[in-house]
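Have a look at the structure first, then read on.

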Amino acid sequence: MTTAFFFHDDFLKHDMGAEHPESPDRLNAIISYLADTELEQQLDWVRPDEITRDQLLLVHPERYLQQLDMMQPTRGRVFTDPDTAMTPYTLRAARLAAGANIQAVDMVLCGQATNAFVAARPPGHHAERGKSMGFCFYNNVALAAKHALTFHGLERVAIIDFDVHQGNGTVDIVQGDERVLMCSSFQHPFYPHSHVFRMPENIVNTPILAGTSSTDYRKKVEAEWLHRLQDFKPQLVLVSAGFDAHKADPLAELQLEAEDYRWLTDMITSVAHDSADDRVVSTLEGGYHLSALAEGVTAHLEGLAAIK
C-alpha cells in the first residue's frame with residue numbers, strides 16, 4: 001500500500017483570525033503529531049499545484065469564480081458570510097487545496113499511489129455551486145468526483161462524508177447524478193440545516209442525534225451505508241474526512257474517538273478493495289480540537305496505509 005500525503009506551506013497562509021476555529025494551527029497540529037510517529041516516513045509526501053480555471057468550471061460557474069476574485073482583498077479580511085473570511089492569500093490556498101484533490105485522483109487512478117490523503121485548507125464540502133459558506137470556497141471533493149468522471153471516464157464514484165456537519169455543498173452539486181453515490185453522516189438537527197430530507201436516490205443521508213455513542217453511531221452507519229456501497233460497486237471512493245464528531249470537539253456534540261475513525265477507514269478501504277482496486281482519495285474537512293484532530297487523522301492514515 002502506498003499512501004500519498006498532500007501538503008503545501010501556503011495552506012497555512014489562509015488565516016481568518018486568531019479566534020476563528022478553522023485556523024492554520026489545525027494543519028500544524030497534524031504535521032507536528034505525525035513527526036513523532038513512524039508513519040511520517042511511510043507516506044509519499046506530495047507538494048500540489050493549483051487547480052486550473054477550466055477544472056474549477058467543472059463544478060462552479062464563471063460568475064461565482066469572478067465574484068470570489070473580485071472580493072479577495074489586497075490587505076486585511078473580507079467576509080463572504082458570517083463564518084467565512086478571505087485574506088489576500090485565501091484563493092491561492094483554495095486553488096491549491098482543490099488542485100491537490102485533482103492531482104490525488106490522477107495519481108491514484110494512474111497507479112502512482114494506492115490511495116491519498118489531502119491535508120489541505122480551506123475545506124470544501126459546504127461550498128455549493130455558486131455560494132461559499134461554512135469556511136469553504138471551492139468544493140474540493142465534488143471537483144475530484146467530476147474530474148474522475150469526465151477526464152478519467154469513470155462510471156461510478158462514491159463519496160463518503162463523515163464530518164459532523166452535513167456536506168450541503170457536495171449534495172447541492174452531485175444530487176441526481178446517478179454516477180455518484182454519496183453517503184453522509186452528520187449531527188442533526190445542526191448546521192447547515194439543509195439538504196437533509198427528500199433527497200434523490202443517490203444521496204444516503206444518515207442524521208445522528210447529539211450525544212449518540214460511538215457504538216450506536218457505528219451500527220447506524222454500517223446498516224445504512226455498507227450494502228448501498230457494495231451494490232453500487234464504486235470504481236473510486238472519495239472521502240470528505242471531518243474529525244469534528246470527536247467527543248472533545250468544541251463545535252459539536254457527538255461521541256466519536258480516534259478508534260472510530262480507524263473503524264470508518266477500514267470500512268471504506270474494504271469497499272474500495274472489493275470494487276475499486278483499493279483506490280481512495282480522502283480530503284480534510286472539519287476538526288477543531290487540535291489534539292483530537294491530529295489523533296483522528298493519524299488513525300485515518302494508518303487505516304489507509306494498512307498499518308495494524
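Predicted model: local features only at pLDDT ≥ 70, side-chain atom pairs only at ≥ 80, totals over all residues.

**The nonpolar core**
- The largest nonpolar core counts 95 residues, and Phe162 and Leu238 are the ones that touch the most other members.
- Helix H5 (residues 90–109) supplies the largest share of this core, with twelve residues.
- As background, nonpolar side chains tend to be buried together in soluble globular proteins.

**The sheet as a whole**
- How many strands form the open sheet, and in what order? There are eight, arranged E2-E1-E5-E10-E9-E6-E7-E8, and their pairing is parallel.
- Strand E2 (44–46) and strand E8 (203–208) each have a single partner strand, so one side of each has no neighbour in the sheet.
- On average, neighbouring strands here are turned by 15° against each other, direction ignored.
- In general, the strands of a sheet pair through backbone hydrogen bonds, either parallel or antiparallel.

**Pairs of strands and a helix on the sheet**
- Strand E6 (residues 157–161) runs parallel to strand E9 (residues 236–241), and five bridges join them.
- One spot to look up is aspartate 161, whose bridge partner in E9 is serine 240.
- Helix H8 (residues 214–232) packs on the sheet, where it touches E6, strand E7 (180–187) and E8. The direction of H8 makes about 175° with that of E8.
- E7 and E8 also run parallel, joined by six bridges. Serine 185 has threonine 206 as its bridge partner in E8.
- Is E8 mostly covered or mostly open? Mostly covered, with five of its six residues buried.

**A buried arginine**
- Arginine 26 sits in helix H1 (residues 25–35).
- Why does arginine 26 count as buried? Because its relative accessible area is 0%, and buried means under 20%.
- Leaving aside neighbours within four places in sequence, arginine 26 is in contact with Pro21, Leu284, Glu285, Gly286, Gly287, Tyr288, Leu290 and Leu293.
- Take a closer look at glycine 287: its backbone oxygen lies 2.7 Å from a polar atom of the arginine 26 side chain.

Definitions and conventions:
Residues numbered from 1 in each chain as written. Heavy atoms only, no water. Pairing = 2+ DSSP bridges. Helix = DSSP H or I, 4+ residues; strand = E, 2+ residues; numbered from the N terminus. Axes fitted to C-alpha atoms, helices over the stretch in contact; angles between N-to-C directions. Contact = heavy atoms within 4.5 Å. Buried < 20%, exposed > 50% of the residue type's maximum accessible area, 1.4 Å probe, protein only. Core = buried A, V, L, I, M, F, W, Y, C linked by side-chain atoms within 4.5 Å. Polar contact = N/O pair within 3.5 Å; in protein donor to acceptor, adjacent residues only side chain to side chain.
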